[in-house]
Amino acid sequence: MREIINGSSLTLGTCYYPEHWDRSLWEEDLNRMLEAGIRVIRIAEFAWNKIEPREGEYTYEFFDSFLDVVEKTPMKVIFCTPTATPPAWLTEEYPEVLNAQMDGTLYRHGARRHYNYNSPVYQRFAANITERSAAHYGPRPCVIGWQIDNELNCETSEFYSESDTAAFREFLKKKYGTVEALNEAWGTVFWNQTYTAWSEVYVPQTTISNSTNPHRVLDYLRFISDSACRFAGLQARIIRKYKKPDDFITTNGLFGNLDNHRLAEESLDFMTYDSYPNFAYCLDDYRKDDPLKDRKWSRNLTETRAVSPVFGIMEQQSGANGWNTRMEAPTPRPGQMTLWTLQSIAHGADFVSYFRWRTCTVGTEIYWHGILDYSGRENRRLRELRDIHRKLEGLQEVAGSVYEARVGILKDYDNIWDAQLDRWHERVERESQKNLFAAAQLMHTPVDFVYLTEKTTLSDLRRYELLFYPHAVILTKERMALLEEYVREGGRLVMGCRTGYKDLNGRCVMDCLPGLAAELTGTDIPEYSFVAPDEETVYADWDGERIEAAVFNDILSPAGENARVLASYENSCYAGEPALIQNRFGKGEAYYFGGAFALDTAKTFLRKLGAAQPYKELIEAPEGCEIAVRSAMRRKSVPAGTEDAKGEAFLFVLNYQHEPVQITLKRPMRELTGGQTENGAVTVEKFGVRVYRMPE
């Protein structure tokens with residue numbers, strides 16, 4: 001059985017860099033970690049030179065010496081492939097391995113992630129260092145798993161080297177076959193961009209006004225994802241040859257221009273995420289009016305859970321954030337380290353590894369603090385870590401359970417990537433994604449992100465009583481067929497403005513909008529417009545309740561005998577026109593809303609459609625608390641609310657407020673971190689957490 005993410009244990013770890021510290025500290029550090037509850041360390045992700053100090057010259061002594069010390073203790077090790085930071089001898093001798101800016105200027109040695117995935121030379125060196133590492137260190141008893149690279153597509157998720165252009169051409173040849181088919185897909189007749197040979201096709205390049213063919217860029221983003229997935233797959237195949245049967249393969253982080261579902265399916269046993277809620281308090285980015293602040297990281301954990309229902313945290317906030325060049329954030333306040341750890345666990349993490357054990361005294365990350373400060377002295381964060389370990393001892397039965405949600409927000413990579421390159425799409429998508437999640441959080445309504453991929457099935461959607469697909473700009477017949485079947489069987493689906501006006505190539509369709517969604521939603525859209533900057537907020541009236549139709553407005557018309565108008569615009573030049581249509585479709589209902597979802601609008605939808613506060617019979621809590629539930633019943637294909645969906649469940653209450661709050665329990669429940677039974681009014685301290693075993 002795997003040592004972590006095994007369905008039976010919650011485990012704490014930390015990131016450790018033996019190459020940063022004198023060997024005399026190793027054993028002391030390991031014993032102090034164990035005493036504080038740390039059982040796993042991650043090592044080696046930036047230490048290529050410790051294995052191959054010069055081309056073709058290999059030495060294993062350094063990490064063998066460290067692992068010898070580790071194996072005197074019960075500590076376990078996640079070993080990393082060190083490909084995120086190629087050594088200076090490599091980039092100096094083979095500059096073709098370097099990534100480049102759009103204008104062709106090469107990124108040089110001195111930071112990290114300065115390579116490109118598509119250089120045949122770099123692929124050869126990366127495969128070699130992976131093979132050497134896995135073959136030598138894989139048999140070590142203390143090594144329990146492998147991390148591929150570090151934070152794929154972090155720092156940059158764009159690649160413009162000559163190797164990328166060569167690989168991009170091959171990607172397009174495989175997809176389109178001929179230059180003529182490429183021209184048709186990309187609409188190159190516009191602005192005389194027509195290609196006559198593959199040698200004329202490049203990755204996007206610097207242009208006047210930075211305007212590029214959007215269909216080309218959409219394929220380019222798909223290509224970047226493909227490149228990263230293939231690079232991870234190269235390493236995973238090598239590691240599998242040498243790892244022990246129960247050892248795992250993972251990688252850390254969720255970054256841009258990357259199909260994480262494909263990455264996980266092809267190369268990983270589970271995904272891990274790097275969770276830094278203190279980014280909410282970075283001095284340059286802090287927003288006092290943000291209703292979620294550090295709680296916003298629950299959205300990123302929800303993204304991780306969409307890839308791996310039970311997952312790990314490879315880097316969990318433990319100290320202040322900061323490089324010498326950017327990111328200034330305060331030290332976590334007393335209790336926040338605990339809060340953010342339990343935030344991760346509430347969303348499905350069974351392994352939490354803190355970044356880092358000791359704060360580094362050299363380099364770019366000298367202000368990125370770990371559990372210990374520079375001196376290594378006993379401190380408050382170390383004492384809090386011991387208390388976290390004590391709390392987790394009472395939570396071991398939570399391991400292996402999955403997050404429970406009856407509301408889903410549909411997503412797909414085509415629309416995610418299109419929203420990056422299309423300002424019209426980006427504005428509505430940003431507004432609705434932010435506010436739908438915030439509304440669910442503030443109304444204590446757990447949600448999942450549900451990705452529509454080629455492998456998504458009807459049983460995946462049946463788990464949810466209500467689905468939002470806020471701005472499905474790109475639609476396909478296959479996705480619509482799945483959504484129609486979901487609604488026909490009794491599901492409820494909400495779609496927002498700008499739905500259905502593009503095909504997979506990002507070309508605008510010539511159908512009457514909302515295109516492929518017209519029949520399901522019972523909607524016709526004769527006109528549409530951005531909300532003009534010189535007019536006041538646009539509102540609609542929904543049964544006497546005012547809702548904002550933010551950013552963009554589709555002016556609607558019901559189409560079909562089962563369609564009816566639920567709300568009409570109150571103001572603007574289209575006052576009185578329909579703004580929200582409900583269409584009965586089989587046993588279910590589809591809703592089309594003609595705007596983006598403002599925060600109060602999203603709250604209204606959740607409340608009016610009966611999805612808000614599913615646990616109100618058990619608990620009342622202020623908006624400043626998050627409510628999350630992990631269920632021991634794995635409901636992969638079991639509809640929410642059915643008898644079969646019942647099972648042992650655990651209710652998390654997380655107080656993000658800077659003051660104590662009062663919650664009300666409507667039934668007696670046992671609190672697992674303290675062991676006491678609580679009922680009625682309960683005071684949760686600032687940054688406090690309660691975890692209850694829910695009654696049957």
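Asn150 is buried, with a relative accessible area of 2%. The model is predicted. Asn150 sits in the loop between E4 and H5. Setting aside residues up to four places away in sequence, Asn150 touches Arg42, Glu45, Phe46, Ala84, Arg112, Arg113, Asn252 and Glu315. One of these contacts, Arg112, returns in the annotation. The UniProt record, an unreviewed entry, lists Arg112, Asn150 and Trp323 under "binding site".

Take Trp323 next. Trp323 is found in the loop between strand E7 (311-317) and helix H10 (336-346). Its relative accessibility is 14%, so Trp323 counts as buried, the limit being under 20%. Neighbours within four places in sequence aside, Trp323 is in contact with Arg112, Glu155, Thr364, Glu365, Tyr367 and Trp368.

Now consider a pair of helices. How do the axes of H5 and H6 cross? Helix H5 covers residues 162-176 and helix H6 covers residues 179-186; their axes come within 9 Å and cross at roughly 90°. H5 is therefore roughly perpendicular to H6, since angles of 65 to 115 degrees fall in that class. Which residues meet there? From H5 come Phe168, Leu172 and Tyr176, and from H6 come Ala181, Leu182, Ala185 and Trp186. The residues of this contact divide into seven nonpolar, no polar and no charged.

Charged pairs come next. The count is 53 salt bridges. One of them joins Arg140 to Asp68, with the closest N and O atoms 2.7 Å apart. Arg140 lies in the loop between helix H4 (120-137) and strand E4 (143-147), while Asp68 lies in helix H2 (residues 61-70), so the pair ties together parts that are 72 residues apart in sequence. Arg140 counts as buried, at 13% relative accessibility. Asp68 counts as partly exposed, at 43%.

Asp387 and Lys391 form a salt bridge too, the closest N and O atoms being 2.5 Å apart. Here both partners belong to helix H11 (residues 380-393). They are four residues apart, which means a separation of about one helical turn. Asp387 is partly exposed, with a relative accessible area of 27%. Lys391 is buried, with 16%. Elsewhere, salt bridges that share partners join Lys175, Asp219, Arg222, Asp412, Asp414 and Arg479 into one network.

Arg287 is partly exposed, with a relative accessible area of 41%. Asp289 forms a salt bridge with Arg287, and the closest N and O atoms are 3.1 Å apart.

Last, look at helix H17, residues 599-608. Which of its residues are buried? They are Thr601, Ala602, Lys603, Thr604, Phe605 and Leu606. After H17 comes Gly610. The phi of Gly610 is positive, near 70°.

Key. Residues numbered from 1 in each chain as written. Predicted model: local features only at pLDDT ≥ 70, side-chain atom pairs only at ≥ 80, totals over all residues. Heavy atoms only, no water. Axes fitted to C-alpha atoms, helices over the stretch in contact; angles between N-to-C directions. Helix = DSSP H or I, 4+ residues; strand = E, 2+ residues; numbered from the N terminus. Parallel < 35°, antiparallel > 145°, perpendicular 65-115°, else oblique. Contact = heavy atoms within 4.5 Å. Nonpolar A, V, L, I, M, F, W, Y, C, P; charged D, E, K, R; others polar. Buried < 20%, exposed > 50% of the residue type's maximum accessible area, 1.4 Å probe, protein only. Salt bridge = Lys/Arg side-chain N within 4 Å of Asp/Glu carboxyl O. UniProt positions renumbered as here; feature names shortened; annotations may be inferred.
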